[in-house]
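Please look at the chain below.

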Amino acid sequence: MTTKTITDASFTTDVLEADGPVLVDFWAPWCGPCKQIAPSLEAISEENNAISITKMDIDENPDFPGKFGVRGVPTMMIFKDGEVLSTAVGARPKTAIEAWISETIGSETQQASA
């Protein structure tokens, strides 16, 4: 899988009604830390089949970031069954993002064979 770009128009279908957990990366094109974590999220998306990784540009899509209280970027949220399971704010290394995902969704985490 690769990361999927979502919008306010697609958020309900792509995130709230999704089968399985979804990580939403709320980001902005002017955000340096957002650009820093983008390659890690792309790699995780390709390596981990247990969670969908999505990206939402907060400048172009203000509705859902506002509804979920996003005040700074990058903000990552993991959703499952329409609910926020966990939120992480700020850039972090790939290993820390992977650990956060694993802690949040638990035994569902499936790494693709290397």
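The sections below take these topics in turn.

## Basis

This is a predicted model, in which local features need pLDDT of at least 70, side-chain atom pairs count only at pLDDT 80 or more, and totals for chains, interfaces and linings use all residues. Residues are numbered from 1 along each chain as its sequence is written, and side-chain values use heavy atoms, without hydrogens and water.

## Helix α2

Helix α2 spans residues 32-47. Helices are DSSP runs of H or I with at least four residues, and strands are runs of E with at least two, numbered from the N terminus. A kink of about 30° sits at Ala38, shortly before Pro39. The bend is the angle between axes fitted to the seven residues ending at a residue and the seven starting there.

Cys34, Ile37, Ser40, Leu41, Ile44 and Ser45 are buried in α2. Buried means under 20% relative accessible area, exposed over 50%, and partly exposed in between (1.4 Å probe, protein chains only). The buried residues of α2 pack against β2, β3, β4 and α4.

## Salt bridges

A salt bridge puts a side-chain nitrogen of Lys or Arg within 4 Å of a carboxyl oxygen of Asp or Glu. The count is four.

Lys55 pairs with Asp25 at 2.9 Å, N to O. Lys55 is in strand β3 and Asp25 in strand β2, so the bridge ties parts 30 residues apart in sequence. Lys55 is buried at 13% relative accessibility; Asp25 is buried at 0%.

Glu47 bridges to Lys94, with the closest N and O atoms 2.8 Å apart. This pair links helix α2 to helix α4. Glu47, Lys94 and Glu98 form a network of salt bridges.

Technical notes
The expected span of a helix is 1.5 Å times one less than its number of residues. Contact means heavy atoms within 4.5 Å.
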